Amino acid sequence: MAGMLYLVPTPIGNLGDISQRCRETLEQADFIAAEDTRVSLKLLNHLGIKKNLVSYFEHNKAAKGNMIVERILSGETCALVSDAGSPAISDPGEELVQQCAAAGITVCAIPGPCAVITALSISGQSTGRFCFEGFLSTAKKSRREHLESLKEEQRTMIFYEAPHKLLATLQSMAEVFGSDRSISLCRELTKLHEEVVRTTLGQAIEKYTQTPPKGEFVLVVAGAAAPVKETATASDAAQRVLELTRSGISKKDAIKQTAQELNLPKNVVYDAAIHAEE
Ligand code: SAM
């Protein structure tokens with residue numbers, strides 16, 4: 001019988017965030033696939049777990065993925081961990097999930113620490129609709145193109161960012177979204193120096209020009225304002241009623257149709273039509 005693949009999230013700072021279920025899954029797995037075995041070994045030592053570790057990272061994922069799938073098909077259970085947070089989210093794992101799914105292997109994702117969701121919840125930005133944009137390119141041109149594609153985006157946008165790229169990213173964002181756009185910079189989440197700076201792009205640039213940024217950042221940027229809908233005026237309504245009656249429609253039906261088309265109350269259209277006749 002085939003084994004299973006478990007996606008096991010690990011703390012993004014506070015070691016207390018490892019859940020009982022994650023701990024048990026790591027204990028019970030036949031082997032653990034880790035982004036960086038040295039990083040994961042520290043966590044396993046902290047948890048008192050001794051387990052066979054294999055490395056699975058960006059540059060060996062093609063070959064290692066096949067080997068992991070073979071082992072699972074032969075009956076072993078694998079727990080995949082990344083350095084911190086949820087595997088497969090801007091971390092290795094996406095392809096392994098695809099390979100396992102294609103091979104008919106059951107994949108189980110355990111919920112847990114994830115920087116994007118932690119940042120969104122604490123950001124103070126609108127959380128109803130959002131999009132996750134991962135890391136922007138280090139190359140100015142592609143970074144700019146990526147941001148241009150988001151110019152009209154009305155949902156809250158979330159980005160991962162490294163401190164040494166932060167200022168360049170904020171500058172590109174201000175150029176595309178405008179320096180008044182609201183942003184929450186969520187830094188060192190769940191760690192001793194956790195900080196959330198809720199400000200504008202322009203003010204964030206000033207702040208981090210004076211004090212160079214340190215630590216890990218998630219940027220939560222407000223979406224663009226919805227375009228203002230033009231509301232039809234009374235004279236638009238009167239004009240439309242006239243057009244319709246001239247085409248042979250009864251005044252009653254013309255008023256009803258105009259109200260629907262222009263999204264106006266029927267009595268407003270009626271008053272406008274009567275007033276135009278006076
Ligand atoms: N898969 C992980 C997750 O979703 O939590 C993210 C891995 S990604 C390679 C690392 C990025 O996540 C960092 O560059 C930073 O943008 C963000 N990040 C991770 N831990 C963080 C923390 N404690 N505080 C703020 N941002 C963090």
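Student: What does Glu161 form a salt bridge with?
Tutor: Glu161 pairs with Lys165, with the closest N and O atoms 3.1 Å apart. A salt bridge here is a side-chain nitrogen of Lys or Arg within 4 Å of a carboxyl oxygen of Asp or Glu.

Student: Are Glu161 and Lys165 buried or exposed?
Tutor: Glu161 is buried, and Lys165 is too. Buried means under 20% relative accessible area, exposed over 50%, and partly exposed in between (1.4 Å probe, protein chains only).

Student: What sort of model is this?
Tutor: This is a predicted model: local features need pLDDT of at least 70, side-chain atom pairs count only at pLDDT 80 or more, and totals for chains, interfaces and linings use all residues. Residues are numbered from 1 along each chain as its sequence is written, and side-chain values use heavy atoms, leaving out hydrogens and water.

Student: How many salt bridges are there?
Tutor: The structure holds 14. One of them joins Asp36 and Arg38 through their side chains, at 3.0 Å from N to O. Asp36 is buried at 17% relative accessibility, while Arg38 is exposed at 62%.

Student: And what about Glu175, how far from Arg144?
Tutor: The closest N and O atoms of Glu175 and Arg144 are 2.5 Å apart, in a salt bridge. Glu175 is partly exposed, at 46%, and Arg144 is partly exposed at 30%.

Student: Changing topic: which residues does Leu185 contact?
Tutor: Leaving aside neighbours within four places in sequence, the contacts of Leu185 (heavy atoms within 4.5 Å) include Leu166, Leu170, Tyr208 and Leu219.
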